[in-house]
Amino acid sequence: MARTDKMKLGTFVYTFGFHPASWLHPASDVHGANEFSHLLDVAKRSEAAKFDFMFMADSPAAAVGDPDALARIPTKMNRFEPLSLLSALSVTTKDLGLVATVSTSYYEPYNVARLFASIDHLSGGRACWNVVTSDHDETGYNFNREGLDPHALRYERGNEFVDVVFGLWDSFEDDALLLDRESGVYYDKTKHHTLNHKGKHFQVRGPLNIARSPQGRPIIAQAGGSEPGMDMAARTAEIVFSLASNIDRNRAFYENVKGRMPAYGRNPDDLKIMPGVVLNVGETEAEAKAKVDYLIDKMHPDVGRLMLSEFLEADLRGVPLDRPFPMDRLPPTPKGSRALFDELVDFVKGGRTVGELVRHYAEKHTGNGITGTPTQIADFMEEWFETRAADGFILMFPTLPSSLEDFVKLVLPELRRRGLFREEYEGKTLRENLGLSMPVNRFATARAKG
């Protein structure tokens with residue numbers, strides 16, 4: 001059955017673009033990591049295109065590993081704290097949703113509830129929290145831990161964390177503010193509630209000292225393909241990110257996560273599955289491919305080797321690029337995509353060198369998604385959308401703002417011609433533009449039930 005809704009689009013923001021060599025592109029602003037004007041420009045372009053949101057990926061730590069490679073990757077080593085950035089963008093944009101990553105492993109629920117509620121008010125209802133539990137050891141060393149907590153513990157804590165934040169966001173009922181100057185009563189004390197949460201990981205009395213959010217509560221986003229991650233998404237998330245590597249696998253993921261929602265009393269339409277996709281577009285296929293090749297050629301071998309080392313979980317520092325890849329460095333099972341891992345194994349079986357594998361992986365990783373003409377990219381996106389492998393896409397532009405400009409100029413008109421994407425925003429809040437229902441206040445619901 002043909003869809004009647006429109007696909008959702010968001011801009012994925014690493015400072016200079018998704019490609020690690022993006023800062024070397026002549027159209028980039030080399031000072032952009034510390035210039036608000038650069039990120040505001042990306043936001044304004046996304047908003048003018050009527051995108052749903054701009055997503056700031058983040059980790060609250062500098063990366064560790066090969067210092068020579070990291071010195072060539074500014075995105076990992078120099079970036080704004082995302083909630084500070086969201087606060088600034090909330091008062092310099094008008095319609096664009098604003099998404100930022102905050103880890104449940106290194107914050108307290110009360111802080112997160114108050115920060116996002118404040119940003120939601122400042123922005124007029126456009127805030128979204130990307131909930132993560134963190135997956136890098138380097139972060140834990142900054143927060144009184146020796147690396148990462150175990151996976152199961154992180155998700156157990158994360159689930160309770162989100163529950164507490166939801167409870168705090170319900171502190172004020174929607175109509176609690178009376179603002180009655182004649183009587184001198186500012187709010188109805190019977191509609192302001194203390195949470196009194198006492199759980200395994202958190203003890204939070206509440207209430208939150210800010211009125212209910214314009215969206216009822218900020219939007220919740222999540223990425224995670226593990227069993228605990230999918231279950232947490234089905235229970236709490238409204239946007240879910242996945243990797244657009246295989247349409248059949250993503251369609252199964254789509255059905256799996258949405259199929260879990262009724263057990264939690266949720267409508268599957270209240271969750272948008274949005275794969276991250278790298279787009280390289282040109283007027284011709286050759287032009288699009290040339291853009292990929294340009295950035296691969298610009299990328300230093302140390303950077304490519306570090307990327308490959310992270311994927312294989314193998315230290316390749318010092319391994320000569322002109323020697324055959326040492327097969328004993330391959331792990332028995334992949335950390336990430338099984339399909340990509342198998343392809344890399346097949347690639348090196350014929351005695352390919354380390355340098356050849358580094359380039360091959362970089363082409364696959366930073367070109368994941370679709371490289372081609374506007375029609376080819378629109379066909380790709382339409383198939384994923386119409387066959388319910390996706391409700392929309394997180395657009396991982398290789399360079400910013402130039403790749404974003406290319407997409408808006410070349411692909412967006414074709415999507416609109418096909419009736420797949422909006423001409424104007426439908427509402428004022430991110431929740432309205434995503435087509436999500438308004439969350440009920442638990443205390444108001446209990447009152448109504450008597």
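Modeller: The model is predicted. Helix α1, residues 36-48, packs with helix α4, residues 82-90, at an angle of about 60 degrees. Their axes are 11 Å apart, and the crossing of α1 past α4 is right-handed. On the α1 side the contact is made by F36, L39, L40 and A43, and on the α4 side by L85, A88 and L89. An α-helix has 3.6 residues a turn, so residues three or four places apart point the same way.

The loop between α1 and β2 (53-56) holds D52. D52 is buried because its relative accessible area is 1%, which is under 20%. Leaving aside residues up to four places away in sequence, D52 touches M7, K8, L9, L96, G97, F421, R422, L430, N433 and L434.

Helix α8, residues 227-236, has G229, M230, M232, A233, A234 and T236 as its buried residues. These pack against β4 (127-132), α7 (151-169), β9 (219-223), β10 (239-243) and α9 (247-260).

At the surface, L177, L179, Y186 and Y187 form a nonpolar patch with about 400 Å² of accessible area together. Strands β5 (177-180) and β6 (185-187) are the elements that give two or more residues to this patch. Y186 sits in β6, and Y186 is exposed because its relative accessible area is 54%, which is over 50%.

Notes: Residues are numbered from 1 along each chain as its sequence is written. This is a predicted model: local features need pLDDT of at least 70, side-chain atom pairs count only at pLDDT 80 or more; totals for chains, interfaces and linings use all residues. Side-chain values use heavy atoms; hydrogens and water are left out. Buried means under 20% relative accessible area, exposed over 50%, partly exposed in between (1.4 Å probe, protein chains only). Helices (H or I, at least four residues) and strands (E, at least two) are DSSP runs, numbered from the N terminus. Contact means heavy atoms within 4.5 Å. Patches are made of residues with over 30% relative accessible area and no salt bridge: like charges are joined within 9 Å, nonpolar side chains (Val, Leu, Ile, Met, Phe, Trp, Tyr) within 5 Å. Accessible areas come from the Shrake-Rupley method with a 1.4 Å probe; for residues, only the protein chains shown count as cover. A salt bridge is a side-chain nitrogen of Lys or Arg within 4 Å of a carboxyl oxygen of Asp or Glu. Axes are lines fitted to C-alpha atoms, for helices over the stretch in contact, and angles run from 0 to 180 degrees between N-to-C directions. A crossing is left-handed if the near helix is turned anticlockwise from the far one by less than a right angle, and right-handed if clockwise.
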